[in-house]
Amino acid sequence: MTSGSRRRSIAFFIVFGVCLTAAALFLNISWVIVNWREAALLILGVLVFPLIITGVVLNTIFLVREIRRNEQHDAFIHAVTHELKTPVASMRLYLQTLQSRPIDDAKRQEFYQVMVEDTERLQGTIEQVLRAGRMGAKIRHTSRTPVDLAAVVQDCVALARTRHHLPDHALTYRETLMPGSTPHVLADEDELKAVVSNLVDNAVKYSGAQVQVTVELEQPERTQATLRVRDHGVGISAGELKRIFKRFYRIPGAVAIRVKGTGLGLFIVQSLTMRYGGKVFAESDGPGRGSTFTVQLPLLSQPPQ
């Protein structure tokens, strides 16, 4: 929905609410003026007044949701703008430095590495936005092939260590699979990587200064795999556990200000997991006590030949 149509919708429901309120006042005042003994007006008021009150309540709910949606949309635009401008500004600064004066080879290689990391951050943001846009499409055709889930998780963990400059003990991985079994998911490999990478990156970003993230892959039965990503970071309040999977939603407060993001990562995780017939949920004992994200995915009963 565009901003113009959203404003028109809000204006319509505001006018609608005012009209309903005026009608309610008119009925009550008329009932008092005419006389309570007028049975017809009394019956009409008894029948119509609950309908009007219901309309006012529904209208208020719509307006509150629309206001929240607008706030989330504005926060998303601000976050994406920041995520796009920051790496571009950084790359421009390094390029201008390289252009303006002689730089020794060691420092030049350092600049190149920073610019490569900035381009990866920029590309990641663009891919998040594009993937979230595709999630809203009614028809989405993807090429699904048997994908080794364990290999995908291992690759994503290794990439996260490199991207966030983490030692092995800060981001650990362990798996418990059935003997002689390799868990394969019928999926698009890039989309499956997006699910795992978003969960791992979120756990690292919300861990604070002391990163201690554990990634576990289990196979409780031959046809199902469970992926858990556990951190000891800022935690999540009970009221936010279901909201965090909504598009553009970010937990309000100082944490959201310190940790940059678009509010699309968990929305993408849930959308893709549900697309593959799985489910995802979050658990936390509260703020400051860490959180655990669990993804359950169906596996191919027969391994690929």
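In this predicted model, 9 salt bridges are found in the structure. One of them joins the side chains of Asp201 and Arg163, with a distance of 2.7 Å from N to O, and this pair links distant parts of the chain, since Asp201 belongs to helix α5 and Arg163 to helix α4 (residues 149-164), 38 residues apart. Asp201 counts as buried because its relative accessibility of 15% falls under the 20% limit, whereas Arg163 is partly exposed, with a relative accessible area of 39%.

Other salt bridges lie within a single helix. In helix α5, Lys193 and Glu189 are 4 residues apart and are therefore separated by about one helical turn, and their closest N and O atoms are 3.6 Å apart. Lys193 is partly exposed at 27% relative accessible area, as is Glu189 at 38%. In helix α3 (residues 105-135), Asp105 and Arg108 are 3 residues apart, again about one helical turn, and their side chains meet in a salt bridge of 3.6 Å, N to O.

On the surface, a nonpolar patch is formed by Phe49, Ile53, Val57, Leu58 and Ile61, which together have about 410 Å² of accessible area. Leu58, located in helix α2 (residues 39-100), is exposed, with a relative accessible area of 54%.

Definitions and conventions: Residues are numbered from 1 along each chain as its sequence is written. This is a predicted model: local features need pLDDT of at least 70, side-chain atom pairs count only at pLDDT 80 or more; totals for chains, interfaces and linings use all residues. Side-chain values use heavy atoms; hydrogens and water are left out. Patches are made of residues with over 30% relative accessible area and no salt bridge: like charges are joined within 9 Å, nonpolar side chains (Val, Leu, Ile, Met, Phe, Trp, Tyr) within 5 Å. Accessible areas come from the Shrake-Rupley method with a 1.4 Å probe; for residues, only the protein chains shown count as cover. A salt bridge is a side-chain nitrogen of Lys or Arg within 4 Å of a carboxyl oxygen of Asp or Glu. Helices (H or I, at least four residues) and strands (E, at least two) are DSSP runs, numbered from the N terminus. Buried means under 20% relative accessible area, exposed over 50%, partly exposed in between (1.4 Å probe, protein chains only).
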